[in-house]
Amino acid sequence: MAFEPNIPPIQVHLCVKGGREAIAFYEKAFDAVETYEQMAEDGVRVLHANLSMFGSEVMLHDEFPEFSSDVLSPTSRGGAGLTININLPKPGDVDRAVEQAVEAGAKVTMPAADMFWGARYAKITDPFGHVWAFNAPLGTSQS
C-alpha cells in the first residue's frame, strides 16, 4: 500500500481484539466504509484495514503480541489510553452519533449535554475498549 496524495498529518491507528467484529461495529455505529483490508497469515486476524468515517480515515489492526507488546488493545491494557474526538457540525449530530453507536453496542460514559466551553459534547466506549467523544459547537442549528 502506497501513500495516497492527501494523507492527513495525524491519523488514528486502532489496535483491537477481534478486528473483523470491530470493522462490522464501526460500519454499523459510525457508518464507516472499509476501503482496504489485509488479513494476517493466520486468516483470522486483521493485519491492516482502512475505514473511511466522519470525513477522515481510521486505520485498524488486531493485536499481535507475538511480535510486539508495545501496542495492545484497550481490553488487554485494562482501558483506553486516549479519547478519539470527533468534531461534528451541529449539536443534534452529537445526539444522533451517540444514539447510533449505542444501538450498535457502545456504552455511554458521558451523556450528551451543552458544555461551558460552548459545545454539545458526549462520550461513549465501544465494545473494543476505545473511547470516542463527539463535539459540536452550540449556536448552530440543532438539526
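Helices (H or I, at least four residues) and strands (E, at least two) are DSSP runs, numbered from the N terminus. The expected span of a helix is 1.5 Å times one less than its number of residues.

This is a predicted model: local features need pLDDT of at least 70, side-chain atom pairs count only at pLDDT 80 or more, and totals for chains, interfaces and linings use all residues. Residues are numbered from 1 along each chain as its sequence is written, and side-chain values use heavy atoms, with hydrogens and water left out.

**Exercise 1. Compare the span of H3 with the expected span, then list its buried residues and their packing partners.**

Step 1. H3 has 14 residues. From first C-alpha to last it reaches 21 Å, close to the 20 Å expected at 1.5 Å a residue.

Step 2. Buried means under 20% relative accessible area, exposed over 50%, partly exposed in between (1.4 Å probe, protein chains only). In H3, the buried residues are Pro91, Gly92, Asp93, Val94, Ala97, Val98, Ala101 and Ala104.

Step 3. They pack against H1, strand E6 (107-114), E7 and E8. Contact here means heavy atoms within 4.5 Å.

Step 4. Look past the helix end. Gly105 follows H3 and has a positive phi, near 125°.

**Exercise 2. Find how the buried residues of H1 are arranged around its axis.**

Step 1. Check the span. H1 has 12 residues and reaches 16 Å between its first and last C-alpha, close to the 16 Å expected at 1.5 Å a residue.

Step 2. List the buried positions: Gly19, Ala22, Ile23, Phe25, Tyr26, Ala29 and Phe30.

Step 3. Look down the axis. The buried residues of H1 fall within an arc of 160°, so they line one face of the helix. The arc is that of the directions from the helix axis to the C-beta atoms.

Step 4. Just after H1, Asp31 takes a positive phi of about 55°.

**Exercise 3. Work out the strand order of the open sheet and explain why E1 and E2 stand at the edges.**

Step 1. Two strands pair if DSSP finds at least two bridges between them. The open sheet has 4 strands in the order E1-E4-E3-E2, with mixed pairing.

Step 2. E1 and strand E2 (33-39) each have a single partner strand, so one side of each is left without a neighbour in the sheet.

Step 3. E1 and E4 run parallel, joined by 5 bridges. Leu14 stands opposite Leu60 in E4.

Step 4. E2 and E3 pair in the antiparallel sense over 6 bridges. Tyr36 stands opposite Asn50 in E3. Their hairpin has 6 residues between the strands, and Gly43 there takes a positive phi near 70°.

Step 5. Place the helix. H1 lies across E1, E2, E3 and E4, at about 5° to E3. Axes are lines fitted to C-alpha atoms, for helices over the stretch in contact, and angles run from 0 to 180 degrees between N-to-C directions.
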